[in-house]
Amino acid sequence: MAAGGGTKAVLAALAANLGIAVLKFIAFLLTRSSSMLAESIHSVADSGNQILLLIGRKTSKREPDEQHPFGHGRSRYIYAFVVSIVLFSLGGLFALYEAYHKWQDPHPIEGSWWWVPLVVLVGAIAMEGRSFFVAFSESKPLRAGQSWRRFITTAKAPELPVILMEDSAAVVGLLFALLGVGLTLLTGNGLWDAAGTAFIGILLVLVAAVLAVEMTSLLLGESAGKPQLRAIREALEGQGQNRLIHLKTMHLGPEEILVTAKIAVLECVTAKDLVDRLKDAEHRIRRAVPAASLIYIEPELETAAGPDRPA
């Protein structure tokens, strides 16, 4: 899949979460609802996460240097991994702590401002839904017929999967908060508010765990996707001029792939013939897979009797 895209979705999510965070804090101060506090911290965490994604995208564009000869493309993976930590700690664990605290000391939502959380939550659902729609729209052409689950697990660019999971978790979390606050208002029992907060915490912990697993895999270095691997193999073999012995690839960043291969070439009369053969293979790879930024090919001469190895 294409690795680009995602900036519009990140900016849309950042704008939505900043506005929502302010409204939720106001609702919490007026009602002392634990669900509203958990959702406020959730929105603050999400806003910070979007800033982290933008920083990672910017730092990944720095040119290679002596200390980092393969560039800084993995910065996007590092910052996305930090996002999972923030979501787990500041979002999930805080919500679980607040739920425990409220469960120990439940109290109803009283006063003349009882309606504020309902209005804020309904408005927040609409704003988060719009942010999710932006991420959904940007992801759709990149999905290339994959299921959404497979898209998230195979994507090499972290921004869109992170925003999709954050926004979907935000919408579900808001529904939990709306349910908890609504039942608390109907029954006068603050335990419903605590239960809604607990469900928000569990949801955020699960989403953070999935993100951490996916970003860890990218940080360790994933190979190119199957369509890209197939195109690289075909480019290396040419029209039967070469025989592929082994091929290894690794994503140095969402749009950068390292290609290392060993090929057996048919008889070459001169060293120039061999160099030309390797250059042709390299050009074919770059045409087939533009993301292949670094290509290293080791040749082995092959005669009619088989590979020409030293005795």
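1. Surface. In this predicted model, the accessible surface of the protein comes to about 15300 Å². Carbon and sulfur atoms account for 65% of that surface.

2. Charge. The protein carries 29 positive and 29 negative side chains. The centres of these two sets lie 4 Å apart.

3. Overall dimensions. The C-alpha trace of the protein spans about 90 × 40 × 35 Å along its principal axes. The radius of gyration of the protein is 26 Å, whereas a compact globule of 311 residues would have one near 19 Å.

4. Burial and contacts. Of the 311 residues in the protein, 47% are buried. When contacts between residues at least 6 apart in sequence are considered, 73% of them join residues at least 24 apart.

5. Secondary structure. The protein contains nine helices and four strands. Read from the N terminus, the order of elements is α-α-α-α-α-α-α-α-β-β-α-β-β.

6. Helix α1 and V10. Where is V10 found? V10 belongs to helix α1, which covers residues 7-31. V10 counts as buried because its relative accessibility is 1%, and the cut-off for a buried residue is under 20%. Leaving aside residues up to four places away in sequence, V10 touches Q50, L53, L54, E159 and I163. V10 and N49 are separated by 39 residues in sequence, yet their C-alpha atoms are 9.3 Å apart in space.

7. Helix α2 and S40. Helix α2 comprises residues 34-59, and S40 lies in this helix. Is S40 buried or exposed? With a relative accessible area of 0%, S40 is buried, since the limit for that class is under 20%. Not counting residues up to four places away in sequence, S40 touches A21, K24 and F25.

8. Helix α4 and the residue after it. Helix α4 runs over residues 116-143 and has 28 residues. From its first C-alpha to its last, α4 reaches 39 Å, which is close to the 40 Å expected at 1.5 Å a residue. Which residue follows α4? The residue is A144, and its phi is positive, near 50°.

Definitions and conventions
Residues numbered from 1 in each chain as written. Predicted model: local features only at pLDDT ≥ 70, side-chain atom pairs only at ≥ 80, totals over all residues. Heavy atoms only, no water. Helix = DSSP H or I, 4+ residues; strand = E, 2+ residues; numbered from the N terminus. Rg over C-alpha atoms; globule rule 2.2 N^0.38 Å. Buried < 20%, exposed > 50% of the residue type's maximum accessible area, 1.4 Å probe, protein only. Contact = heavy atoms within 4.5 Å. Areas by Shrake-Rupley, 256 points an atom, 1.4 Å probe, with all protein chains shown as cover. Lys, Arg positive; Asp, Glu negative; His and termini not counted. Charge placed at Lys NZ, Arg CZ, Asp CG, Glu CD. Expected span 1.5 Å × (residues − 1).
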